[in-house]
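Grab your viewer and try each task before reading on.

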Amino acid sequence: AWVSMLGWCVWLACVYTCLGTSGTMYKRTLDMSAQTFKLFTNKTVKARSVLGCAHQCLYYNNLDGICNAYSYNNDDCTLANVEFLEDPEPDSDEQEIFIDLSAKAGMVTKCRGGEKCCAADNLCVDGEGDCDHDQGCSGIPICGQNNCAVQTGGRW
């Protein structure tokens, strides 16, 4: 689903949401637990669609800077100012959110031990996640194979 503000790019089966003339584009992601999203939530408003919710987020962000991400569910539009993304822990519910791509670009992803979290562009420290290659490790650690004693988080 993508929503951009440069013309009504509505491809909502989607990955992105585009909105009007502001150039703002929101990307759909599951890189957030419902519990963490609640911590960042600033306001819940009514909206008739995911596109209407994107407009609400843009409006409140321009008004007082309180929205860089939103979640839409049955006319409820939850607005948040997300500070980081995360690989949700195994027993936590993933939260579908749409996040402003310009805000996402500078945001870190916190690893909670997930399978797809450690990568060259998101390095993990010892014990933080499941790497596939040494390039996903920060510092000296070397990526092992099935060498975790216990499951400590994430999706692995």
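**Exercise 1.** Work out the handedness of the disulfide between C53 and C77 from the torsion about its S-S bond.

*Solution.* The torsion about the S-S bond of C53 and C77 comes to about 85°, so this disulfide is right-handed. Helices (H or I, at least four residues) and strands (E, at least two) are DSSP runs, numbered from the N terminus. Now check the distance: the sulfur atoms of C53 and C77 are 2.0 Å apart.

A word on the model before you go on: it is predicted, so local features need pLDDT of at least 70 and side-chain atom pairs count only at pLDDT 80 or more, while totals for chains, interfaces and linings use all residues. Residues are numbered from 1 along each chain as its sequence is written, and side-chain values use heavy atoms, with hydrogens and water left out.

**Exercise 2.** How many disulfides does a search of the whole structure find? Describe the one that joins C57 to C67.

*Solution.* The search turns up two. In the pair C57 and C67, the S to S distance is 2.0 Å. The torsion about that S-S bond is about -105°, so the disulfide is left-handed. It links distant parts of the chain, with C57 in helix 2 and C67 in the loop between helix 2 and strand 5 (69-73), ten residues apart.

**Exercise 3.** Are C53 and C67 buried or exposed?

*Solution.* Start with the cut-offs: buried means under 20% relative accessible area, exposed over 50%, and partly exposed in between (1.4 Å probe, protein chains only). C53 has 0% relative accessibility, so it counts as buried. C67 is at 1%, so it is buried too.

**Exercise 4.** Which way do the residues of strand 8 (residues 97-100) point, and which residue of strand 8 is the bridge partner of K27?

*Solution.* I97 and I99 point one way, F98 and D100 the other, and all are buried. In a regular strand, side chains alternate between the two faces of the sheet. Now the neighbours: strand 3 (residues 25-29) runs antiparallel to strand 8, joined by four bridges. Pairing takes at least two DSSP bridges between two strands. The partner of K27 is I99. Strand 5 also pairs with strand 8 in the antiparallel sense, over two bridges, and Y70 stands opposite F98.

How values were computed
Disulfide = S-S within 2.5 Å.
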